[in-house]
Amino acid sequence: MGFSVAASTALTLFAGPLSRILFGEGFGPTADALRVIAWALIPFTLNAYFSLTHVAAGTERPALVAVGVGILVMAVLSLLWIPRWGVMGASWSMLIAEWAQAGAYLLNWRRGRASLPLAASPSEI
């Protein structure tokens, strides 16, 4: 998790130079989108952990629900925001959808509905 925070911070701080170095001067404006998308690394880390743990434990249903939440949020926000704000609407849609998916995993775990062998139980926190 710490690496995700560090990487998100670095990408946010250096989005402008990174965009220009990697893709050329014409892609400088994409730095704003990168600054938003960079913060999706944090919920993505949580999502990867929970989804892989559920698959390994044979409890795929919570993963299915969480992914469904993420897809639904992404679809609705994309339909509303991309026509209006373009790439920035897509960036914010993706970020919020990742957090929604992470929230679904965390809510399921916190309620004790998921028995994850590699995670502490809610009562141990």
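Select Phe 23 to begin: this residue is exposed, with a relative accessible area of 55% (buried means under 20%, exposed over 50%, partly exposed in between, with a 1.4 Å probe and protein chains only). The model is a predicted one, in which local features need pLDDT of at least 70 and side-chain atom pairs count only at pLDDT 80 or more, while totals for chains, interfaces and linings use all residues. Residues are numbered from 1 along each chain as its sequence is written, and side-chain values use heavy atoms, leaving out hydrogens and water.

Next, display the aromatic rings. Rings of Phe, Tyr and Trp (its six-membered ring) pair if their centres lie within 6.5 Å; planes under 30 degrees apart count as stacked, over 60 as edge-to-face and the rest as tilted. By this rule there are five aromatic pairs. Phe 23 forms a tilted pair with Phe 27, at 6.0 Å centre to centre and 55° between the planes. Phe 27 is partly exposed, at 45% relative accessibility.

Move to Tyr 49 and Phe 50, an edge-to-face pair with 5.3 Å between centres and 70° between planes. Tyr 49 is partly exposed at 32%, whereas Phe 50 is buried at 5%.

Finally, select Leu 22, which lies in helix H2 (helices are DSSP runs of H or I, at least four residues, numbered from the N terminus). Leu 22 is exposed, with a relative accessible area of 58%.

Technical notes:
Helix = DSSP H or I, 4+ residues; strand = E, 2+ residues; numbered from the N terminus.
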